[in-house]
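Student: Hi! I'm new to this one. Could you walk me through it?
Tutor: Happy to. Here it is.

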Number of protein chains: 2
Amino acid sequence: MTDRKPFQRLSREVLVENAFHRYCMDRYVQKDGSEGVYYYVDMPGSCACIPVFDDGSTVLVHQHRYLLGGDFWEFPTGGMKVGDDPLMVAMKELREEAGFCGSDWTPLGHFAPYKGVSNEICHYWIARGLSESQQELELSEQLTVHRMPMAEARRRLIDQECADGQSLSGLVLLDRWLAKGNQL
Amino acid sequence: MTDRKPFQRLSREVLVENAFHRYCMDRYVQKDGSEGVYYYVDMPGSCACIPVFDDGSTVLVHQHRYLLGGDFWEFPTGGMKVGDDPLMVAMKELREEAGFCGSDWTPLGHFAPYKGVSNEICHYWIARGLSESQQELELSEQLTVHRMPMAEARRRLIDQECADGQSLSGLVLLDRWLAKGNQL
């Protein structure tokens, strides 16, 4: 066991593959050199944006979430597939989910939303230069689109009884960007 | 199909069961009445705390995350098992991960960290009345414990190149609580 470094992968098995992600089981080296098993979601990533209109207003979606059995206020977000370019996915989601095209995209950075069970990285942008487009929802999506002042959007995201963690993290990335002296 | 409501579950199959969660496949009714398939992680929940000492300092863990291949600054967090009481899990994690006992726990609320693929709800507390205890790490855990001023902890959580989304969301819940006139 002497050549095995802690947390080194020994093998990977894809247990379930579907249209959105793969569910995998890795055998790996634990910190004492013994072998452990790790079950997880293998996901290329996700992309989200904070739309900002010239008047400072933004757009939230109010989306039904099957797994939680309720509706959530969220920034428009979508999942990547293997080989996708993150910015292209963010643009596509803003168009298909919220019905807007953006011409000016500013990266805000990224975070790991669910570090213990998924390798997903969620990428965030500010989307400006917005114009109306055609919403195209999936059969699995039920949502309404709401334009409102940014302060009201913050309140809806933060004050809902059970918040969407990815949108809360997006707000933190926005505030980090604003704290560097940038302005909307 | 007339009696089927959108997003009604038709069946659930547990595809993989392990010590931490279940990976499931549901058949459900999509919004046009047709049948869809949903693959997801079924997880009783997670619990985290923001430790606060009498001098206003806090504790972060710097933890290796196998799935992301790197180290993350995080608040102490742990997963629940079926039947667990959230507060008991938060107390246990603070003790086992960070090596502190807290006597005064203030709930900050909860959020859904990964709404599209997991039904997990993450519960957050402020932990005060802290005293040193005995750290007990798992073989899968590699982390160091760091006490620092709250402002420095915010900086480490927010400024890391890839942040831990659950800790960012915890900061938002803390700020929501502070904005109501509460004080640390």
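Student: Before we start, how should I read the names and numbers?
Tutor: Residues are numbered from 1 along each chain as its sequence is written, while chains are lettered from A and ligands numbered from 1 in the order in which they are written. This is a predicted model, where local features need pLDDT of at least 70 and side-chain atom pairs count only at pLDDT 80 or more, while totals for chains, interfaces and linings use all residues.

Student: Thanks! What does the secondary structure of chain A come to?
Tutor: Chain A has three helices and 11 strands. Helices (H or I, at least four residues) and strands (E, at least two) are DSSP runs, numbered from the N terminus. Along chain A the elements run β-β-β-β-β-β-β-α-β-β-β-α-β-α.

Student: And how much of chain A is buried?
Tutor: Of its 184 residues, 40% count as buried. A residue is buried if 20 or more other C-beta atoms lie within 10 Å of its own, exposed if 12 or fewer, and partly exposed in between, with C-beta atoms placed from the backbone.

Student: What box do the C-alpha atoms fill?
Tutor: For chain A, roughly 60 × 40 × 35 Å, taken along the principal axes.

Student: Which domains is chain A divided into?
Tutor: Domain 1 covers 9–42 and domain 2 covers 46–179; such bounds come from an automatic or database domain assignment. The centres of these two domains of chain A, taken over C-alpha atoms, are 29 Å apart. Their contact takes four residues from domain 1 of chain A and four residues from domain 2 of chain A. Two residues are in contact if their C-beta atoms, placed from the backbone, lie within 7 Å.

Student: Switching topic: how is chain B related to chain A?
Tutor: Chain B superposes on chain A by a rotation of 180 degrees with 0.0 Å of shift along its axis, and the RMSD is 0.0 Å. That is the relation of a two-fold axis. The same surface serves both copies, as 100% of the contact residues of chain B recur in chain A.

Student: How many residues are in contact there?
Tutor: 51 residues of chain B are in contact with 51 residues of chain A. Helix 3 of chain B gives the largest share of the chain B side, seven residues.

Student: What about the classes on that side?
Tutor: The side of chain B that touches chain A has 29 nonpolar, 16 polar and six charged residues. Here Ala, Val, Leu, Ile, Met, Phe, Trp, Tyr, Cys and Pro count as nonpolar, Asp, Glu, Lys and Arg as charged, and the others, Gly among them, as polar.

Student: Which strands join across the two chains?
Tutor: One example is strand 8 (residues 100–112) of chain A and strand 11 of chain B, which run parallel and are joined by three bridges. Strands pair if DSSP finds at least two bridges between them. In this pairing A:His110 stands opposite B:Cys162.

Student: Which residues touch the most others in the largest nonpolar core?
Tutor: They are A:Cys49, A:Leu168, B:Cys49 and B:Leu168, in a core of 70 residues. A nonpolar core is a set of buried Ala, Val, Leu, Ile, Met, Phe, Trp, Tyr and Cys residues joined through C-beta atoms within 7 Å. Leaving aside neighbours within four places in sequence, B:Leu168 has contacts including A:Phe111, A:Leu168 and B:Ile158.

Student: Is strand 4 of chain B mostly covered or mostly exposed?
Tutor: Mostly covered: six of its six residues are buried. B:Ser46, B:Ala48 and B:Ile50 point one way, and B:Cys47, B:Cys49 and B:Pro51 the other. Strand 4 of chain B pairs antiparallel with strand 7 (residues 77–79) of chain B over three bridges, and in the parallel sense with strand 9 (residues 122–132) of chain B over six bridges. B:Ser46 stands opposite B:Gly79 in strand 7 and opposite B:Cys122 in strand 9.

Student: Last one: what is the phi of A:Phe7?
Tutor: A:Phe7 has a positive phi of about 70 degrees although it is not a glycine. A:Phe7 sits in the segment before strand 1 (9–17) of chain A and counts as partly exposed, because it has 17 C-beta neighbours inside 10 Å.

Terms used: Least-squares fit on C-alpha atoms with pLDDT ≥ 70 in both.
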